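User: I would like to go through some of the labels attached to this model. For each one, please set the value against the cut-off and conclude.

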Amino acid sequence: MNKADRLLVKSFVDISGVVTDAKGLALPGVGVKVKGTQKVAVTDEDGKFALKGVDKDAVLVFTSIGFKPKEVTVGEQTSIRVSLEEDAQGLNEVVVVGYGTQKKVNLTGAVAAISGAELMNRPVPNVTSALQGRVSGVVITRNNGQPGQENYGLRIRGTNSINGSAALVLVDGIEMDLNLINPDDVDNISFLKDAAASAIYGARAAGGVVLVTTKKSTSGKTRVNFNSYYSINVTARQPKRLNSWDEQTLIDEARFNATGAREFTPEQIEWLKNPNFNYRPNLTSNRWEYFDNTDWIKAGMSTVNHAQNHSVSVGGGSKELNYLLSGSFQTRDGVLRYGPDDNSRYNFKLNLNTELNKYVSVGLVAGYIGQVTNSNSFSTGNIVSALYRVRTRQSLYTPPEDTTGQPYNGDLQINAVDIEKNAGFTRAIYESFTGKVDLTVKDFIKGLRINAVAWRNQDNYNYEQDRRSLNWYGRSNTEAPRFSANVPNGISLTKNRGYHDNLQTTVTYDFKLGNKHNFTVLGGAAYDQYRKDEVSAGATNLYSNDSFSLNFSDLLNRTNGDNVEAYAFGSLFGRFNYNYDEKYLFESTVRYDGSSRLSPSARWNLFPSFSAGWRISEENFFKSNVPVVSNLKLRASWGQVGNAVGTDIGNYDYIATLSSGSNLVLNGLKTNYFYQGVLPSVDKTWETVQSSNIGIDLGMFKERLTSTVEFYDNRNKNMLILLNKPNIIGIDVSKTNSGELKSWGWEAELKWRDRIGNFGYNVGVNFSDNQNKLIKMAGKNLIGTGGVVQAIEGYPLNSVWGYRTAGIFQSADEANAYKAKVSYPFFANPTAGDIKYLDLNGDGVINAGGGTPENPGDLVYLGNTSARYSYGFDVGASWKGFDFSVAFQGTLKRSFLIATETLAPLNGTANMPWTIHMDRWTPENPNAFFPRMYQTSDHNYKPSDRWTQNGSYIRLKNLQVGYKVPFNKKYIQNVRIYFSGQDLWESTKVLSVFDPEVSNGVNSQAYPFYRSYAFGLNVTL
């Protein structure tokens, strides 16, 4: 009988069945596949499945996360009941590491991993934001909510250098910006935290390494995934404006306390309360007098804004050729009511994999990222500050009788709404084109794998700023303007193109000696180069205020320049792994790096690491006595990583270079000149961070419960610092490897995951702490008059110094008695309502002494700006199509200062008070938070324990509720609708007008953060 005849007599049946666990409870979401075909089914909420037209000779494969796979031959069965056995899944989990993968149980370095599924469906601008609070030892920072300019940062295990040590981010092996990739593209992310894990990347790994693996397709029928959400964003924790009469009351108090005179009479304050009397002409000057009550925040800000994100992916193919094509669009509006204030991002990505034969495969990655950020040419921060500070009695518009022709009023201060509408724009366009080819040859010799990779990341940047001049007059535009903005007008243009190329080859050999001795040896080489070419031009005093071109200006008002940046890295690296029966583990890595940025004599350096682990749970004595423990591993590591990137090592620091200038005008003509700005340094070399780590991994109850605890110590013993130089040298000097910084801390994670029938749930908590101490920095020990000091030997970076206080003087007699013993050099006559500073050293003077830690006068150390005791907590549950998750995040210790001019209203007479300042000292309000009002003096706002902010907080980071809508899976595999809220609530002691995550020195330009309420849809076809 030929093949065709045999097919004709094959018999097919329709199969239905139920899948349960060992206890007989139904298992939803189990994959049921006819082995060797593309025919699949998924069990419903009752564990039921159905397949039509199945060959009686077929084998059904049942798979589900947390359970061992099971195969069942169909035979004569039409109804099948299958029980799956639980699997200690964590023991077989594979984690992405440098240049490869490893089983998680065999890791000896500090590596954490998170799946992309945990980051999806959050109304956040980028992947970095979604990671906040999710991984111990990984701290996410941000300092404002402006779309596209949030300044998100990722820090692994604190700071290892005063010069910064950003984490190296590799997306499918390509160096990229984590803030710009599409969150829906992410399959998993690994964090290499200690030297044992990251030393394979050598001089790029001082700040840790982040390895992002994007999604790839698998063989089978074409799948289409569509994810979309629409988010309503509401501003949170921002200043609130006073009405004009309360604002004037505080102005008058401040003036009276400082000068003995008030600005307004009681009658004039009553005019402010009259909505029908807003202005009158000033008969002694050519101006209007205003008595309005303008809510500038309402006039210029939208407290409710919008964001949306849409992404789609199409994937499929066969074992020999499969593909995944994805695209996404995201846009976010800003708070400014008018004019440009938004950000949009476009992502496209193709992952293509083909197996040419059983030995050779080729992978292709191609991607595009486009980001457009629009803002106001006057600076969004300046506009926000004006909305918070401009006097409320100033009308938005000029009176109907005004003859100047200007619609907007700027008599008392600038008009922020006019600026929003008419001051021009700034547009920044960033584009990235990525291509990668990966050739793999494997198993032509058993266990041998050769991988060759070439990639290029080309980025283009286009920047344009058109500055339109605005002038505001009094009652006559023949006199000088009362206020102006963007004077002179102008245009600025910048264009650059960068090419980042990388070639690398690795050879990996896996082999065994006997049944228990397992070896993996990896060797490789890499070459990395980058070049950026940039041109810039600008012009001021344009002929027209409405047409922006370099051609519309005088030659004397034009500037231009170019810039070229180029560097290269060369590397040789290797790794040796050995494990005995997955019980005793050892790993060693080495990388030999060279950089064109360093002189030939200091260019190359070796970065080694060693680590070992002992899986106690694999010992026979332990297995038999403690069966509930599925994994117990002790591990330790030591290694060195380098730091030779960033702005502190220039591209040509070892060569004497010349800079040019063109601001010199001789005889009415611009004259170019050249100068040497910095002395070269041929001795400058890598910063080397030495890292030690001890870890404990625990798994119990078949990996339902998992825990990890880490302790680490990092030391940068040749940190780049500036040495003190004589004033007569007349030139800047290069940094030298003379500093030392110590950083240490611990991390802990605890997770529980389980399922009871249709109900699945998980709980996780992570906690970490990091400290640092500047050991050596050329004797630097100046604390000045207090505030935040970046570097002092013997203290953490960015330490806060200030005075101790003892409340507020409640009477003139109390103040007089105190100043009879203690003097205030910064204020001669403290009285009732002023801050009482303590004379800690008893010398009768409140001052900073010699301005050093050894002689600080009355200053004391008040903490530092780095977050300590950072934590995250999450809970998730699912039941019959419903799912719920909630995540909290925060920190228990952080200190920072608010800018004095922001805390102190009327320190500059244009800085108006806010509603919080109503709680100021008066005889009727002796227990006030703020001291008495006082203009043009900051004596009550010196750095002190009273104004140092307690930056600890807890935040409801994300709350998500979803429901899978039941559909006929013949046409639609999955439909899920959901609500997702981000940054919904927080508790903190930070001053109520600012978010606890703002940066030190925050001021009235602070762009508010959002609370986001998103409604979304996930569809799989």
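This is a predicted model: local features need pLDDT of at least 70, side-chain atom pairs count only at pLDDT 80 or more; totals for chains, interfaces and linings use all residues.

User: Which residues of helix α5 are buried?

Analyst: In α5, residues 266-273, the buried ones are Gln268, Ile269, Trp271 and Leu272.

User: How do you know that the buried residues of α5 line one face of the helix?

Analyst: Viewed down the helix axis, the buried residues of α5 fall within an arc of 150°, so they line one face. Pro266 and Glu267, on the other side of α5, are exposed.

User: What do the buried residues of α5 pack against?

Analyst: They pack against α4 (244-259) and β18 (279-282).

User: How many aromatic pairs does the structure hold?

Analyst: There are 48 aromatic pairs. One of them is formed by tyrosine 368 and phenylalanine 433.

User: Why is the pair of tyrosine 368 and phenylalanine 433 called tilted?

Analyst: The ring centres of tyrosine 368 and phenylalanine 433 are 5.1 Å apart and the planes are at 50°. Centres within 6.5 Å make a pair, and planes under 30 degrees apart would count as stacked, over 60 as edge-to-face and the rest as tilted, so 50° is tilted. The pair links distant parts of the chain, with tyrosine 368 in strand β23 (residues 360-376) and phenylalanine 433 in strand β24 (residues 424-442), 65 residues apart.

User: What makes tyrosine 368 and phenylalanine 433 partly exposed?

Analyst: Partly exposed lies between under 20% for buried and over 50% for exposed. Tyrosine 368 has 21% relative accessibility and therefore counts as partly exposed. Phenylalanine 433, at 36%, also counts as partly exposed.

User: Why is the pair of tyrosine 941 and tryptophan 947 called stacked?

Analyst: Their ring centres are 5.0 Å apart and their planes are at 25°, so the pair is stacked; the cut-off is under 30 degrees.

User: How do you know whether tyrosine 941 and tryptophan 947 are buried or exposed?

Analyst: Buried means under 20% relative accessible area. Tyrosine 941 has 7%, so tyrosine 941 is buried. Tryptophan 947 has 2%, so tryptophan 947 is buried.

User: What makes phenylalanine 576 partly exposed, and where is its place?

Analyst: Its relative accessibility is 32%, so phenylalanine 576 counts as partly exposed. Its place is in strand β30 (residues 558-580).

User: Which cluster and which surface patch include Phe576?

Analyst: Ring pairs link Phe576 with Tyr509, Phe511, Phe519, Tyr578 and Phe586 into a cluster. Phe576 also belongs to a nonpolar surface patch of about 680 Å², whose residues include Tyr359, Phe444, Val521 and Phe610.

Conventions: Residues are numbered from 1 along each chain as its sequence is written. Side-chain values use heavy atoms; hydrogens and water are left out. Patches are made of residues with over 30% relative accessible area and no salt bridge: like charges are joined within 9 Å, nonpolar side chains (Val, Leu, Ile, Met, Phe, Trp, Tyr) within 5 Å. Accessible areas come from the Shrake-Rupley method with a 1.4 Å probe; for residues, only the protein chains shown count as cover. A salt bridge is a side-chain nitrogen of Lys or Arg within 4 Å of a carboxyl oxygen of Asp or Glu. Helices (H or I, at least four residues) and strands (E, at least two) are DSSP runs, numbered from the N terminus. Buried means under 20% relative accessible area, exposed over 50%, partly exposed in between (1.4 Å probe, protein chains only). The arc is that of the directions from the helix axis to the C-beta atoms. Contact means heavy atoms within 4.5 Å. Rings of Phe, Tyr and Trp (its six-membered ring) pair if their centres lie within 6.5 Å; planes under 30 degrees apart count as stacked, over 60 as edge-to-face and the rest as tilted.
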